[in-house]
Amino acid sequence: DDGTPVSNGDLIVDDIIQKKLKQISPNIEIVSEETIKKNKLKKRKTFWLVDPIDGTSSYIKGGSEYTLNAGLIVNRKPVAGIIYAPKMKRLFYSFGKNQSYEIFNKKKKIKLNCKQNLNRKSIALTNSPHPSNTILKIMKKHKINNFVNMRSSLKFCMIAASEFDLYAAKARAREWDIAAGHAIVENAGASVRTHLNKKIIYGKKGFKNPSILILRKKN
(Lines give C-alpha, C1' and ligand atoms only; values in the text may rest on other atoms or scores of the structure.)
Protein backbone atom coordinates (compact mmCIF):
# COMPACT_ATOMS: atom_id res chain seq x y z
CA ASP A 1 0.00 0.00 0.00
CA ASP A 2 2.89 2.39 0.63
CA GLY A 3 4.30 1.87 -2.85
CA THR A 4 7.41 -0.03 -1.77
CA PRO A 5 8.27 -3.34 -3.45
CA VAL A 6 7.38 -6.70 -1.91
CA SER A 7 8.79 -9.97 -3.26
CA ASN A 8 8.03 -13.63 -2.71
CA GLY A 9 11.33 -13.64 -0.80
CA ASP A 10 9.96 -11.14 1.73
CA LEU A 11 6.95 -13.34 2.42
CA ILE A 12 8.89 -16.60 2.69
CA VAL A 13 11.58 -15.15 4.95
CA ASP A 14 8.89 -13.53 7.10
CA ASP A 15 7.23 -16.93 7.57
CA ILE A 16 10.55 -18.55 8.55
CA ILE A 17 11.43 -15.82 11.06
CA GLN A 18 7.98 -15.72 12.65
CA LYS A 19 7.85 -19.51 13.07
CA LYS A 20 11.23 -19.48 14.83
CA LEU A 21 10.31 -16.57 17.10
CA LYS A 22 7.09 -18.32 18.09
CA GLN A 23 9.16 -21.37 19.07
CA ILE A 24 11.58 -19.46 21.30
CA SER A 25 9.13 -16.87 22.71
CA PRO A 26 5.55 -18.12 22.26
CA ASN A 27 4.08 -15.48 24.57
CA ILE A 28 5.62 -12.44 22.88
CA GLU A 29 3.63 -10.74 20.12
CA ILE A 30 5.26 -10.41 16.69
CA VAL A 31 4.74 -7.25 14.66
CA SER A 32 6.02 -7.64 11.11
CA GLU A 33 6.03 -5.36 8.11
CA GLU A 34 4.46 -8.10 6.01
CA THR A 35 1.63 -9.06 8.39
CA ILE A 36 0.95 -5.76 10.15
CA LYS A 37 -2.72 -5.78 9.09
CA LYS A 38 -3.27 -8.86 11.27
CA ASN A 39 -2.16 -7.04 14.43
CA LYS A 40 -4.80 -5.33 16.55
CA LEU A 41 -4.62 -1.63 17.28
CA LYS A 42 -3.48 -1.35 20.90
CA LYS A 43 -0.77 0.00 23.14
CA ARG A 44 2.27 -2.26 23.27
CA LYS A 45 5.27 -2.43 25.58
CA THR A 46 6.93 -5.77 24.80
CA PHE A 47 6.95 -7.28 21.31
CA TRP A 48 9.11 -8.37 18.38
CA LEU A 49 9.54 -6.12 15.36
CA VAL A 50 10.37 -7.96 12.15
CA ASP A 51 11.45 -6.69 8.75
CA PRO A 52 12.12 -9.90 6.81
CA ILE A 53 14.00 -8.13 4.01
CA ASP A 54 15.01 -4.53 4.48
CA GLY A 55 16.27 -3.10 1.21
CA THR A 56 14.01 -5.17 -1.01
CA SER A 57 14.97 -3.08 -4.05
CA SER A 58 18.59 -4.16 -3.58
CA TYR A 59 17.46 -7.77 -3.13
CA ILE A 60 15.38 -7.73 -6.33
CA LYS A 61 18.26 -6.21 -8.31
CA GLY A 62 20.73 -8.77 -7.00
CA GLY A 63 22.51 -6.21 -4.82
CA SER A 64 24.33 -6.88 -1.56
CA GLU A 65 22.95 -4.31 0.89
CA TYR A 66 19.67 -6.00 1.83
CA THR A 67 19.25 -7.42 5.33
CA LEU A 68 17.04 -9.75 7.40
CA ASN A 69 15.91 -8.19 10.69
CA ALA A 70 14.32 -8.99 14.05
CA GLY A 71 14.39 -6.68 17.06
CA LEU A 72 13.02 -7.30 20.56
CA ILE A 73 11.26 -4.40 22.28
CA VAL A 74 10.84 -4.48 26.08
CA ASN A 75 9.06 -1.62 27.84
CA ARG A 76 9.08 0.24 24.51
CA LYS A 77 12.89 0.11 24.23
CA PRO A 78 15.01 -2.06 21.89
CA VAL A 79 17.00 -4.53 23.99
CA ALA A 80 18.08 -7.18 21.49
CA GLY A 81 18.38 -7.53 17.75
CA ILE A 82 19.71 -9.63 14.92
CA ILE A 83 20.56 -8.51 11.38
CA TYR A 84 21.93 -10.71 8.62
CA ALA A 85 23.38 -9.50 5.32
CA PRO A 86 23.43 -12.75 3.27
CA LYS A 87 25.41 -11.50 0.28
CA MET A 88 28.11 -10.11 2.58
CA LYS A 89 28.06 -13.15 4.87
CA ARG A 90 27.88 -10.77 7.85
CA LEU A 91 25.64 -11.53 10.82
CA PHE A 92 25.20 -8.92 13.54
CA TYR A 93 23.41 -9.44 16.85
CA SER A 94 23.04 -8.03 20.34
CA PHE A 95 21.41 -9.09 23.58
CA GLY A 96 22.25 -6.29 26.01
CA LYS A 97 24.56 -3.41 26.88
CA ASN A 98 28.13 -4.04 25.72
CA GLN A 99 26.94 -7.29 24.15
CA SER A 100 26.97 -6.64 20.40
CA TYR A 101 28.73 -9.03 18.05
CA GLU A 102 29.43 -9.84 14.41
CA ILE A 103 29.94 -13.29 12.96
CA PHE A 104 31.65 -13.17 9.58
CA ASN A 105 31.30 -16.02 7.09
CA LYS A 106 29.75 -18.19 9.82
CA LYS A 107 33.16 -18.51 11.49
CA LYS A 108 34.88 -15.44 12.90
CA LYS A 109 33.16 -13.88 15.94
CA ILE A 110 33.95 -10.25 16.74
CA LYS A 111 32.79 -8.26 19.76
CA LEU A 112 31.70 -4.80 18.63
CA ASN A 113 32.84 -1.66 20.43
CA CYS A 114 32.32 1.50 18.43
CA LYS A 115 33.87 3.79 21.05
CA GLN A 116 37.40 3.13 19.84
CA ASN A 117 39.53 5.91 18.42
CA LEU A 118 40.54 5.30 14.82
CA ASN A 119 43.25 6.91 12.75
CA ARG A 120 41.06 7.89 9.81
CA LYS A 121 38.78 10.67 8.64
CA SER A 122 35.20 10.51 9.90
CA ILE A 123 32.63 9.37 7.33
CA ALA A 124 28.83 9.62 7.49
CA LEU A 125 26.16 7.36 6.01
CA THR A 126 23.04 8.62 4.28
CA ASN A 127 19.91 7.04 2.81
CA SER A 128 20.15 9.24 -0.28
CA PRO A 129 22.96 10.15 -2.68
CA HIS A 130 21.71 13.74 -2.37
CA PRO A 131 21.23 14.53 1.36
CA SER A 132 18.92 17.38 2.34
CA ASN A 133 20.28 20.63 3.75
CA THR A 134 19.13 19.48 7.20
CA ILE A 135 21.31 16.37 7.03
CA LEU A 136 24.26 18.28 5.55
CA LYS A 137 24.07 20.76 8.43
CA ILE A 138 24.15 17.92 10.97
CA MET A 139 27.23 16.45 9.29
CA LYS A 140 28.91 19.86 9.27
CA LYS A 141 28.10 20.34 12.97
CA HIS A 142 29.98 17.12 13.70
CA LYS A 143 32.83 18.12 11.36
CA ILE A 144 32.15 15.42 8.81
CA ASN A 145 32.51 16.30 5.14
CA ASN A 146 32.45 12.87 3.51
CA PHE A 147 29.47 10.55 3.22
CA VAL A 148 28.47 7.27 1.59
CA ASN A 149 24.95 6.41 0.45
CA MET A 150 23.78 3.05 1.81
CA ARG A 151 20.44 1.28 1.88
CA SER A 152 18.80 -0.86 4.56
CA SER A 153 19.60 -1.40 8.24
CA LEU A 154 23.16 -2.26 7.25
CA LYS A 155 23.94 1.38 8.11
CA PHE A 156 23.45 0.69 11.82
CA CYS A 157 25.73 -2.33 11.66
CA MET A 158 28.48 -0.47 9.83
CA ILE A 159 28.58 2.14 12.60
CA ALA A 160 28.51 -0.57 15.27
CA ALA A 161 31.53 -2.11 13.51
CA SER A 162 33.29 1.31 13.56
CA GLU A 163 33.44 1.44 9.77
CA PHE A 164 31.43 4.69 9.69
CA ASP A 165 30.73 7.41 12.23
CA LEU A 166 27.34 9.06 11.77
CA TYR A 167 23.92 8.45 10.27
CA ALA A 168 21.19 11.05 10.25
CA ALA A 169 17.75 10.96 8.66
CA LYS A 170 14.57 12.97 8.83
CA ALA A 171 11.39 11.25 10.03
CA ARG A 172 10.87 8.34 7.65
CA ALA A 173 10.20 4.59 7.46
CA ARG A 174 8.72 2.46 10.26
CA GLU A 175 9.85 0.99 13.52
CA TRP A 176 10.61 -2.45 12.07
CA ASP A 177 13.17 -0.79 9.80
CA ILE A 178 15.30 0.40 12.72
CA ALA A 179 14.55 -1.71 15.84
CA ALA A 180 17.18 -4.44 15.42
CA GLY A 181 19.83 -1.99 14.23
CA HIS A 182 19.03 0.39 17.09
CA ALA A 183 19.70 -2.36 19.65
CA ILE A 184 22.91 -3.51 17.96
CA VAL A 185 24.52 -0.10 17.49
CA GLU A 186 23.46 1.30 20.86
CA ASN A 187 24.68 -1.78 22.72
CA ALA A 188 27.97 -1.40 20.84
CA GLY A 189 28.38 2.04 22.41
CA ALA A 190 26.83 4.48 19.95
CA SER A 191 24.35 7.24 20.71
CA VAL A 192 20.89 6.83 19.13
CA ARG A 193 18.59 9.84 19.51
CA THR A 194 16.29 12.13 17.54
CA HIS A 195 17.64 15.34 16.00
CA LEU A 196 16.34 17.10 19.13
CA ASN A 197 18.34 14.74 21.36
CA LYS A 198 15.30 12.80 22.57
CA LYS A 199 15.14 9.06 23.17
CA ILE A 200 13.40 6.94 20.53
CA ILE A 201 10.61 4.77 21.92
CA TYR A 202 8.65 2.03 20.17
CA GLY A 203 5.03 1.02 19.85
CA LYS A 204 3.98 4.45 18.57
CA LYS A 205 0.81 5.01 16.58
CA GLY A 206 1.28 3.65 13.07
CA PHE A 207 4.79 2.52 14.08
CA LYS A 208 6.14 5.69 12.48
CA ASN A 209 9.73 6.74 13.14
CA PRO A 210 10.83 10.19 14.30
CA SER A 211 14.05 11.74 13.02
CA ILE A 212 17.18 9.79 13.92
CA LEU A 213 20.80 10.62 14.62
CA ILE A 214 23.35 7.87 15.30
CA LEU A 215 26.79 8.91 16.50
CA ARG A 216 29.75 6.67 17.02
CA LYS A 217 31.06 7.83 20.37
CA LYS A 218 34.82 7.97 20.82
CA ASN A 219 36.77 7.50 24.06
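The model is predicted, so local features need pLDDT of at least 70 and side-chain atom pairs count only at pLDDT 80 or more, while totals for chains, interfaces and linings use all residues. Residues are numbered from 1 along each chain as its sequence is written, and side-chain values use heavy atoms, without hydrogens and water.

Seven strands form an open sheet of mixed pairing, in the order S1-S2-S3-S4-S5-S6-S7. Strands here are DSSP runs of E with at least two residues, helices are runs of H or I with at least four, and both are numbered from the N terminus; two strands pair if DSSP finds at least two bridges between them. At the edges stand strand S1 (30-32) and strand S7 (108-111), each of which pairs on one side only. S4 and strand S5 (residues 90-94) pair in the antiparallel sense over five bridges, and Phe 92 in S5 is the bridge partner of Ile 83.

Phe 92 also belongs to the largest nonpolar core, where Phe 92, Leu 49, Met 158, Val 185, Tyr 202, Ile 212 and Ile 214 have the most contacts among 35 residues. Such a core is a set of buried Ala, Val, Leu, Ile, Met, Phe, Trp, Tyr and Cys residues joined through side-chain atoms within 4.5 Å; buried means under 20% relative accessible area, exposed over 50%, and partly exposed in between (1.4 Å probe, protein chains only). Among the elements that each supply at least two residues of this core are strand S2 (47-54), strand S4 (77-85) and helix H5 (175-187). A second, separate core of 11 residues includes Trp 48, Val 50, Ile 53 and Ala 80. Leaving aside neighbours within four places in sequence, Val 185 is in contact with residues including Cys 114, Phe 156 and Ile 214, contact meaning heavy atoms within 4.5 Å.

The whole structure holds eight salt bridges, each a side-chain nitrogen of Lys or Arg within 4 Å of a carboxyl oxygen of Asp or Glu. In one of them, the side chains of Arg 44 and Glu 29 meet at 2.8 Å, N to O. Arg 44 lies in the loop between S1 and S2 and Glu 29 in the loop between H1 and S1, so this pair ties together parts 15 residues apart in sequence. Arg 44 counts as buried at 7% relative accessibility, whereas Glu 29 is partly exposed at 23%. Lys 42 joins Glu 29 and Arg 44 in a network of salt bridges.
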